[in-house]
Amino acid sequence: MATIKRDVRGVVIAAVVISLWIGLLAYLLGSYTVGYSSPLTYLFILLQTHLYTGLFITAHDAMHGVAAPGRPKLNKVIGTLTAFLFAYNWYSRLLPRHHQHHRHVATDQDPDYHYGSFWPWYASFLKQYITWWQILLMAITFNVLRFFFPVDNVVLFWMLPAIIATFQLFYFGTYLPHRGEHPESNPHKSGTQSKNHIWAFISCYFFGYHYEHHDKPYLPWWQLYKAKV
């Protein structure tokens, strides 16, 4: 246990993700001139999307107690902050739902699972995790930000990446690994990506290695690749 307490890497990595998200967003809102013919604009959208996804993955690590292992109060602070920065998600609401997913994966009691095709499943996923309070707070924030920054910048770099990241998290972290039938020999009812650490990181911070996550939920995202054989 002492070794776990001395391991501050999760805290440092969480701080890096948060700092990069805030720093890049500040630059893109206040200093970057949008050019729709420039590849940089679209590269920045993808990069900010990746950092949004990183916020949620960090909150997810906190749900498993591994954002700040051995320090539950700090762990909760990290989880609450990163979830809140990702479109005003509320950590205390997400926490029990996520553990319910792990306990009852791919069953009627799994809030992440839906018996149906892709789009109905995605609609069900959004219904589970998006609240009217979030929509209201996003609308208020948008109207505040547009008084200080160009509307195009606010839409492209604050709003759009959150939407794309939500889709990314659903597609790589829920739909692909849990779709279809899983044999009785698969206790986690989860699939996994082929081994390709670069693509696994870019696509969803290694959460395409989803069977491995369910099998070893104590591994933080940045160590999950080690479980892939």
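Begin with the whole chain selected and its contacts displayed (a contact being heavy atoms within 4.5 Å): of the contacts with a separation of 6 or more, 62% join residues 24 or more positions apart. The model is predicted, so that local features need pLDDT of at least 70 and side-chain atom pairs count only at pLDDT 80 or more, whereas totals for chains, interfaces and linings use all residues. Residues are numbered from 1 along each chain as its sequence is written, and side-chain values use heavy atoms, with hydrogens and water left out.

Next, colour by pLDDT, which is the predictor's confidence in each residue, from 0 to 100. The chain has a mean pLDDT of 92, with 97% of its residues at 70 or more. Select helix α3 (residues 39-63), where confidence is highest at a mean of 97, and then helix α1 (residues 2-6), where confidence is lowest at a mean of 46. Where pLDDT is low, the predicted coordinates should not be read in detail.

The chain has 10 helices and 0 strands.

Return to the C-alpha trace, which fills a box of roughly 55 × 45 × 35 Å along the principal axes. The radius of gyration, taken over C-alpha atoms, is 18 Å, in agreement with the value near 17 Å that a compact globule of 229 residues would have (the globule rule being 2.2 Å times the number of residues to the power 0.38).

Buried residues (under 20% relative accessible area, against over 50% for exposed and in between for partly exposed, with a 1.4 Å probe and protein chains only) make up 48% of the 229 residues.

Two loop residues complete the tour. Most residues other than glycine have a negative phi. Select Ala106 in the loop between α5 (91-103) and α6 (118-129); Ala106 has a positive phi of about 60° although it is not a glycine, and Ala106 is buried, at 11% relative accessible area. Then move to Lys189, in the loop between α8 (151-178) and α9 (197-204), where phi is also positive, near 45°, and where the residue is partly exposed at 33% relative accessibility.

Definitions and conventions: Helices (H or I, at least four residues) and strands (E, at least two) are DSSP runs, numbered from the N terminus.
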